[in-house]
Amino acid sequence: MAQKVATMSYLTNQLWGGNQILVAVLGICSALGVTNRLSVSVTMGLSVSFVTAFSSFFVSLLRKVTPDSVRMITQLAIISVFVIIIDQFLQAYFFSISKVLSVFVGLIITNCIVMGRTEGMAKNVAPIPAFLDGLGAGLGYAGVLFIVGGIRELLGFGQLFGYQVVPLTWYATAENPDAYDNFALMVSPPAAFFILGGMIWVFNIINKKA
Amino acid sequence: MWMGNYEPLNLLGLLIQAVFIENFLLANFLGMCTYLACSTKLKTANGLGVAVVFVLTVSGILNWCVQHFVTGGGALAWLRVVGVDASGINLEFLQFLLFISVIAGFTQMLEIIIEKVSPALYMSLGLYLPLIAVNCAILGACLFAVTRDYPFIPNVVYVFGSGLGWWLAIALIAAIREKLATAHVIPALQGMGITFIMTGLMAMAFQGFTGIKLSNPTGEVNVSPLTILNEVVISEEKIKN
Amino acid sequence: MSESPPNTTGTSNLRTILFMVALSFVCALILSVLASALAEPQTVAKNLDRSKQMMIAARILDHQGNFLIRNAEGRYVPAKYLKDGILAPTDQTIIGSQKELLDVYKIRLIPMLVDGKGELTTFQAVNLNEGEYLANYKKTGYYLQPYKLLYKIQSNPSSEAKMEGGQQPTDGYVIPINGFGLWDAIYGYLAIANDGNTVIGMTWYDQKETPGLGANIAEAPWQNLFPGKLLFQAGSDGNTDFKTAPLGITVVKGKVSEVLGESPKSKSAVDGMAGATLTGNGVNDAFKNVLNAYRPFLIKLHEQTKKEG
């Protein structure tokens, strides 16, 4: 029982206390670039979770036979394989989303979170804890992306997952020019910076109190 | 293949677009992690910037060759020289793997060369090279260049400009961060929090560059309106008869 | 650590090389198997996306993926798939499945070529390979070629048409439009009616514009402004000189009702998108450049309809 608790803590630790974006400040690039719409954010979060978890698993599996001089290249190769798997899969079954994500799927390879986990954790621990650690890191990242994407889509488009949430009757028209209008800044990239800054602020406040 | 239908003026427009308008760091957000997490000094930023410009330009060229001779559509046609007809083989799925290997391999080689050739240079720049291999901006610029399918020279201009723009943005952020270190910021926002907000404001400022269009290449064949009218008149007469 | 004590450099180098070779081989094997397995779903997905966009422009499909059919009064009502690509009117909207969509596309949208004088012809007649033509000239533009691409919209096959024998009547034509938006190339389909002037619908299927701003050209609300617009811009007096009139739908800055009011020119203009003026300009240029190449053909269509109507 004690062993099992310790193993699961690899997962839970990554979700909040060691959250990759808010604490370690890694994986920012894609968090900003693709969080325009919730559907895209969720896809990206799940893809990164998949890649991080399985890459960590295989890097850990091979950790005892990997020569030290090619350690980084091996990690990059394994990560690339999983990213390509995700990319091919998205192109086949989720074509419209893969059109929006375009090159950002490939950029998961250089996503600091993935490399950070394989270099920092996976090469030192057994496969199962490595898998859970990677999965936790990915899910923590996905959680942040979900929140940022939700705020941006809600305020910038008035929609969530493409469904109109803000009633159309609230919008300003020629007769009623002072009524509601979408917060267009939310759709453009700087808003993601502001939201992340705000989230870090809130995170720090919560952690200080705890 | 070399210039496509790009004129020298288009190249200038492309350079300005890559440096300011589509600034890799402030408009596309690529390449920040390594920088944000490790330093607040302008000197480090300059070192990183120069290294990135160099690595990005050369990697961009190498990856263009990879794309055109290995992974593009119909790219293996050159194998006909050795008697193998491989034009139907599509190796596009290996694109990511090959690109990142080229980048990682090149930075590794570069590090070795610099260490042997100039220890002084190695002390100032060489330490960043492993960090740069996994910098989103490098892979990102190569991938963007591939999606846009530039001919060779515009590709070089584009990756060079992207590197310059990245350096510019990093240097600006570092300069501001140096000042922020001594400013009074509320405790919960200190460090990363205020950096993000500051970077967001800079990104907004750079958005002001949007819409500056110097020139785009066109494939327009100059057909004078008179020619079309003549054809139209002829066909009208045919219908009447 | 479980690594053995360092051997001679030669052996450890050999080990490294063997390891890398084995790793590369395994990676390449996994990826090749995956790529081959997924190649077909991928091509299907890509073609399906393009076909869907063309059918939405031709109003065979609506933006949600429901089939449409034009009833006797000229309105578009929901339809359902019967078999062999035939549609029939129905009460509620039904979303078409992948196979149904592809079947309808194959029957209803026929790729053809038109030459500089406006004569319709086929790929076989001029000895061009359709696949090569489509792939080679997508970026530079089909409208620049001596034989320009367009798609004929066949009418919904029905028993009456079969009894008459002969060819299927045509509902209109789809012209591929390409141009340059703010960031990158934009590709779309413009469907026009048999009179060569009225727009049936318009979609943009490939664009990399700013999300929320220029990218709205790919969204339904803006595309729904196009049906019924006229390609040949009428003069202020209401007459249209087909030989010299500006060709294309103008994206105005602001609202058409405010900028052009009741002028005949308003029939060839649509509202602009706030904050996306440059994308709108790109759309205007795209129309101007591409449609001029099809002008002889459009004029011929107009003349034919005048004679029949």
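In chain A, residues 24 or more positions apart account for 76% of the contacts (heavy atoms within 4.5 Å) with a separation of 6 or more. The model is predicted, so that local features need pLDDT of at least 70 and side-chain atom pairs count only at pLDDT 80 or more, while totals for chains, interfaces and linings use all residues. Residues are numbered from 1 along each chain as its sequence is written, chains are lettered from A and ligands numbered from 1 in the order in which they are written, and side-chain values use heavy atoms, with hydrogens and water left out.

Chain A holds 9 helices and 2 strands, these being DSSP runs numbered from the N terminus, of H or I over at least four residues for helices and of E over at least two for strands. Of its 210 residues, 55% count as buried, that is, under 20% relative accessible area with a 1.4 Å probe and protein chains only.

Strand 7 (residues 170-180) and strand 8 (residues 185-193) of chain C run antiparallel and are joined by 9 bridges, and Pro176(C) stands opposite Tyr189(C) in strand 8 of chain C.

Asp49(C) lies in helix 1 (residues 9-57) of chain C and counts as buried because its relative accessibility is 15%. Not counting residues up to four places away in sequence, Asp49(C) touches Phe95(A), Lys99(A) and Tyr205(C).

How values were computed
Two strands pair if DSSP finds at least two bridges between them. Buried means under 20% relative accessible area, exposed over 50%, partly exposed in between (1.4 Å probe, protein chains only).
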